[in-house]
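Here are my notes on the model you sent.

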Amino acid sequence: IPKEAMSLVKQISGKMLFEVEACLTRGLYNAPLTQRINVVSGNFYAAQPVGVIQGVDFGNAGKLRRLETESINRRLSQNDVVLLSNVGFSPSGEVFHCESIALASQVAGKLTANKLVYFIGEGQLYHEELSQVVENMAVNTAAEFLEKRGSELSDEMQRYLDGSIQAINTGVRRAHLLNGFVDGCLALEVFHRDGIGLLIRGDAYEGIRPAELKDLNGIIEILEPLEKKGILVPRRREALEADLGNWVVVERDGMVTGCAAFRSFEDDPNTLELAPLAIHPAYRSGGKGNALLSYMERTALAKGKRRIFILSTVTFEWFLERGFVEGNVKDLPPSRAANYNVGRKSKVFFKPLSNIKDIDNEDMIRL
């Protein structure tokens, strides 16, 4: 950005800032709220020059140097709306143009925001093999796509994807890319079940993988306390080792923190039994139970299964909250019904599996 262009940059930025503030103020004061919301703007961040890169002087192009996170969070805690401009100032008083996409990504990361929303043009990602618009991507998938096929996208879309990826990698849970020309796009994306934009999410399945022989002791360590309490049916070590190919574990820093397994039935090829799904007590508040269930559902669906079921005596409420419906023993695969333990009187709960999109929608709520 040449120095002589900064006068125009400041004019445009100021005009946009005033227009956005006016729209927000008008909308907020018309809202039926008992407590009014203020729209505030100011020098909430300090900028620094991009500098000279590979012999190219970027002039008054700037980037984030320091963010006043405490001041912003204080305003947010008072239900204020904080507006940041692309025009930033250095401690020495120099004025810089900070590219908005990168600035938004960095600010969202430093604030550990729940969501980052970009209003883009009409560009969309299209999955040629599935013949449908891409609505949901894990951050690792987005990064791989950007690296391998980013050249097929516009420069602007590449920056939006990169900004989303960088934000999620610094703590933001989700990034939304919305068509800004669609009236009410933000409300439709946030409050409508299906949404209308592209969602990029953090990798909730990080650390989840097929079990290996080295995981056996960790699996037993998780299962034994539950077996002693009568929550799970006891399993012999030899049986676990022989069945290890059907198990999945959650690993963190070399420690098994969760596990799950599927059981298939020749007389009902469309059905799998989830037995068990267990998380180490120290990690149950981190959402890994939800992530592990989602992973298992995706695995079942990828194998062409149409429903899964559990047998439970204690923890069935957790599964009911996640879409399982109580059934009867007669609804089980015939071979499983024949081996039903009448003495335990376990309740039976089923969950139908229809498509990946339904699992994606549940992930948006729970992960």
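1. Start with the seven-stranded sheet. The sheet is open, its pairing is mixed, and its strand order is S15-S16-S17-S18-S19-S21-S20. Its edges are strand S15 (208–210) and strand S20 (325–326), each of which pairs on one side only. Strands pair here if DSSP finds at least two bridges between them. Helices (H or I, at least four residues) and strands (E, at least two) are DSSP runs, numbered from the N terminus.

2. Ground rules. This is a predicted model, in which local features need pLDDT of at least 70 and side-chain atom pairs count only at pLDDT 80 or more, while totals for chains, interfaces and linings use all residues. Residues are numbered from 1 along each chain as its sequence is written, and side-chain values use heavy atoms, with hydrogens and water left out.

3. Inside the sheet, look at S17 and S18. Strand S17 (residues 255–264) runs antiparallel to strand S18 (residues 271–279), and six bridges join the pair. Cys259 faces Ala278 of S18 across that pairing. S18 also holds Pro276. The peptide bond leading from Ala275 into Pro276 is cis, with omega near -5 degrees. Please check that bond when you set up the model.

4. Now the pairings of S8. Strand S5 (residues 61–67) and strand S8 (residues 95–98) are parallel partners, with two bridges. S7 pairs with S8 in the antiparallel sense, over three bridges. His97 takes part in both: Ala61 stands opposite His97, and Val87 stands opposite His97 too. As background, strands of a sheet pair through backbone hydrogen bonds, either parallel or antiparallel.

5. The S7–S8 turn. S7 and S8 make a hairpin with five residues between them. Within that turn, Gly93 has a positive phi of about 95 degrees.

6. Asn86 deserves a look. Where does Asn86 sit? Its place is the loop between strand S6 (81–83) and strand S7 (87–89). Is Asn86 buried or exposed? Asn86 counts as buried because its relative accessible area is 15%. The cut-offs are under 20% for buried and over 50% for exposed, with partly exposed in between (1.4 Å probe, protein chains only).

7. What does Asn86 meet? Leaving aside residues up to four places away in sequence, Asn86 touches Val9, Ser13, Tyr45, Phe96, His97, Cys98, Ser100 and Leu103. Contact means heavy atoms within 4.5 Å. With His97 there is also a side-chain to side-chain polar contact at 2.8 Å. A polar contact is a pair of N or O atoms within 3.5 Å; within protein, one must be able to donate a hydrogen and the other to accept it, and residues adjacent in sequence count only if both atoms are side-chain atoms.

8. Helix H3 comes next. H3 covers residues 100–110, and its buried residues are Ile101, Leu103, Ser105, Val107, Ala108 and Gly109. Their cover includes strand S2 (45–49), S5, S8, strand S9 (115–120) and helix H5 (155–169). Leu103 is also one of the residues that Asn86 touches.

9. After H3 comes Thr112, with a positive phi near 50 degrees. Thr112 lies in the loop between H3 and S9. It is exposed, because its relative accessible area is 53%.

10. Asn79 is not a glycine, yet its phi is positive, about 65 degrees. Asn79 sits in the loop between helix H2 (69–77) and S6, and a relative accessible area of 43% makes Asn79 partly exposed. Lys345, also not a glycine, has a positive phi of about 55 degrees. Its loop runs between helix H11 (334–338) and strand S21 (347–352). Lys345 is exposed, at 65% relative accessibility.

11. Whole-chain figures. The chain has twelve helices and 21 strands. Its C-alpha atoms fill a box of roughly 80 × 55 × 40 Å along the principal axes. Of the 367 residues, 40% are buried. Among contacts between residues at least 6 apart in sequence, 66% join residues at least 24 apart.
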